[in-house]
Amino acid sequence: MTRFKHVAVLMGGWSSEREVSLRSGKACADALERKGYKVTRIDVKRDIATVLDTLKPDAALVMLHGRPGEDGTIQGVLETLGIPYSHSGVLASSLAMQKDLAKTVMATAGVPVPEGLTLTRAEVAKGHVMAPPYVIKPVADGSSVGVFIVTEAHAHPPQELFREDWPHGDQLLVEKYVAGKELTCAVINGEPTGVIEIVPLIKFYDYEAKYSPGASKHILPAPILPFVYQEVRRLTLAAHVALGCRGVSRADFRYDDRIEGIGGLSCLEVNTQPGMTETSLVPELAAHAGVTFDELVQWMVEDASLGR
């Protein structure tokens, strides 16, 4: 038996991650239809509150990436309208999206994070603010959009930072570059999943590598020592809990395996709206645990609630 009959799948929006959101939304809507739900697919525009108030679905599956779907905005709309929804609530969504604040909370909870500074774009563009190698990323964008790796070979920061049409906000996070393996782990229904190692087959695990088939290789389970593997799982759940996440989340790590023990682990961020496309990590992690894509999507819908 299902609690909900009519589900609105929210996708698209106007963030830099619009295209992958549409792909995630379509895949999930297709899955729900296969499970027998009445599904309304909504490409979110700025009249979304009016659209939802008219439609009155039983629940909303939020498949929006970036703003306004991952920063607490759409969650606030759904709370106001009284429509149960998936994933994290207003506060956790807003906090996780603000990478610098999220790092502070995670560090307080004992989750290791890279050394970093939050600065204006003008400050970062003027000259090296820390010794290379370091990473520049927008404070509040996802999917590695607008991310630069600055190495010792670069005489100055990226010239793109001077662009008048820079689309990623004025606040940037500059972090010490952590060498080594790219690892990811999810939390589904309060339990950490397995751990994947991501091996990019192009420059680094950026937007293109994440969402282009064949641009990266996923190794599951990750080929790391068992105690490190379990520590990644433990830290993933600790970060999820510290930020107040609900439903599904995914934590991304770097692991410098030249450092003995678990000292080489750093959590880069927690994603409260992980991708659900054909190349996405959470469906792969669920499948490894014996949960099909359709079962995962149905669980996300049936987990929907208010006051998350």
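**Close-up views of a predicted protein model**

Residues are numbered from 1 along each chain as its sequence is written, and side-chain values use heavy atoms, with hydrogens and water left out.

View 1. Helices (H or I, at least four residues) and strands (E, at least two) are DSSP runs, numbered from the N terminus. The C-alpha atoms fill a box of roughly 55 × 45 × 35 Å along the principal axes. The radius of gyration is 19 Å, which agrees with the value near 19 Å for a compact globule of 308 residues; it is taken over C-alpha atoms, and the globule rule is 2.2 Å times the number of residues to the power 0.38. Contact means heavy atoms within 4.5 Å. Among contacts with a separation of 6 or more, 70% join residues 24 or more positions apart.

**View 2. An open sheet of three strands in the order 2-1-3.** Pairing here is parallel, and two strands pair if DSSP finds at least two bridges between them. Look to the edges for strand 2 (38–43) and strand 3 (59–62), each of which pairs on one side only. Neighbouring strands are turned by 25° against each other on average, direction ignored. Strand 1 (residues 6–11) is joined to strand 3 by four bridges, and Val9 stands opposite Leu61 in strand 3.

**View 3. Helix 1 (residues 18–34) packed with helix 10 (residues 293–302).** Two packed helices are described by the angle between their axes and the distance between the axes. Axes are lines fitted to C-alpha atoms, for helices over the stretch in contact, and angles run from 0 to 180 degrees between N-to-C directions. In this pair the angle is about 90° and the axes are 9 Å apart. That makes helix 1 roughly perpendicular to helix 10, a term for angles of 65 to 115 degrees (under 35 is roughly parallel, over 145 roughly antiparallel, the rest oblique). Helix 1 brings Ala27, Cys28, Ala31, Leu32 and Arg34 to the contact, and helix 10 brings Phe293, Asp294, Val297, Gln298 and Val301. These residues divide into seven nonpolar, one polar and two charged. Ala, Val, Leu, Ile, Met, Phe, Trp, Tyr, Cys and Pro count as nonpolar, Asp, Glu, Lys and Arg as charged, and the others, Gly among them, as polar.

**View 4. Helix 4 (residues 90–97) crossing helix 5 (residues 99–108).** Their axes come within 5 Å and cross at roughly 105°, so helix 4 is roughly perpendicular to helix 5. Leu95, Ala96 and Met97 of helix 4 meet Lys99, Leu101, Ala102 and Val105 of helix 5. By class, this contact has six nonpolar, no polar and one charged residues.

**View 5. Glu197 in strand 9 (residues 191–200).** Glu197 counts as buried because its relative accessibility is 8%. Leaving aside neighbours within four places in sequence, the contacts of Glu197 include Lys181, Lys217 and His218.

**View 6. Val291 in the loop between helix 9 (281–288) and helix 10.** With a relative accessible area of 30%, Val291 is partly exposed. Beyond its neighbours within four places in sequence, Val291 is in contact with Ala286 and Leu296.

Note on methods:
This is a predicted model: local features need pLDDT of at least 70, side-chain atom pairs count only at pLDDT 80 or more; totals for chains, interfaces and linings use all residues. Buried means under 20% relative accessible area, exposed over 50%, partly exposed in between (1.4 Å probe, protein chains only).
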